[in-house]
Structure formats: structure tokens, C-alpha cells
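Visitor: I would like to learn how to read a model like this one. Where do we begin?

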Amino acid sequence: MAYYRRGISLLGLIYILIGIYVAWVHDYITPSLLKRIAQALLAIFLWFLILLGVDLHIGG
């Protein structure tokens, strides 16, 4: 019985990694952007901590 595996293929992963590298080299992705994205993800997944008064800002 053949299994159908959903997900990203190796070729798709390589394509995405090259895209991230090119975006980084041409300053579309910057450290400040990564910091803001990380803060947003923390706020989304740990929203209950924000309601308790926890500051989820990274680096001050």
C-alpha cells in the first residue's frame, strides 16, 4: 500500500531556503524585522501572559 505523504518536498525546502538567503542579502529581511516577527509570534501564542502583565518585548 502506497502512503501519500503531505508536506514539503526537499526541492521545495531548497527553494524556500534560497529565497530566504536572497531576501536577507538584499535587505528585505533584517534583524529588526526578525525581532518584530518573534515578538508578534510570542504575543500570539502566549497572549494569556500579556493579560497577566508580562512584557514579551525582546531586548528591552
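Guide: With how elements are counted: helices are DSSP runs of at least four residues, numbered from the N terminus.

Visitor: What span does helix 1 reach from its first C-alpha to its last, and what is expected?

Guide: Helix 1 covers residues 10-25, which is 16 residues, and reaches 23 Å. That is close to the 22 Å expected at 1.5 Å a residue.

Visitor: How do I read the confidence values?

Guide: Where pLDDT is low, the predicted coordinates should not be read in detail. Here the chain has a mean pLDDT of 89, with 92% of its residues at 70 or more.

Visitor: Which elements does the chain have, and in what order do they run?

Guide: The chain holds three helices and zero strands, running α-α-α from the N terminus on. Its radius of gyration is 17 Å, well over the 10 Å that the globule rule gives for 60 residues, so the chain is more spread out than a compact globule. The C-alpha trace spans about 50 × 40 × 10 Å along its principal axes.

Visitor: What share of the residues count as buried?

Guide: Of the 60 residues, 7% do. Glutamine 39, in helix 2 (residues 31-45), counts as buried because its relative accessibility is 16%, and the cut-off is under 20%. Beyond its neighbours within four places in sequence, glutamine 39 is in contact with Leu56, His57 and Ile58.

Visitor: Is aspartate 55 buried or exposed?

Guide: Exposed, at 53% relative accessibility. Aspartate 55 is placed in the segment after helix 3, and its side chain is joined to that of histidine 57 by a polar contact of 2.5 Å. Aspartate 55 also lies 9.3 Å from alanine 43, C-alpha to C-alpha, with the two twelve residues apart in sequence.

Visitor: How many aromatic pairs does a search of the whole structure find?

Guide: One. Tryptophan 47 and phenylalanine 48 form it, with 6.1 Å centre to centre and 80 degrees between the planes. Planes over 60 degrees apart count as edge-to-face, so this pair is edge-to-face. Tryptophan 47 is exposed, with a relative accessible area of 51%, whereas phenylalanine 48 counts as partly exposed at 41%.

Note on methods:
Residues numbered from 1 in each chain as written. Heavy atoms only, no water. Helix = DSSP H or I, 4+ residues; strand = E, 2+ residues; numbered from the N terminus. Expected span 1.5 Å × (residues − 1). pLDDT = per-residue confidence, 0-100. Buried < 20%, exposed > 50% of the residue type's maximum accessible area, 1.4 Å probe, protein only. Contact = heavy atoms within 4.5 Å. Polar contact = N/O pair within 3.5 Å; in protein donor to acceptor, adjacent residues only side chain to side chain. Phe/Tyr/Trp six-rings, centres within 6.5 Å; stacked < 30°, edge-to-face > 60°. Rg over C-alpha atoms; globule rule 2.2 N^0.38 Å.
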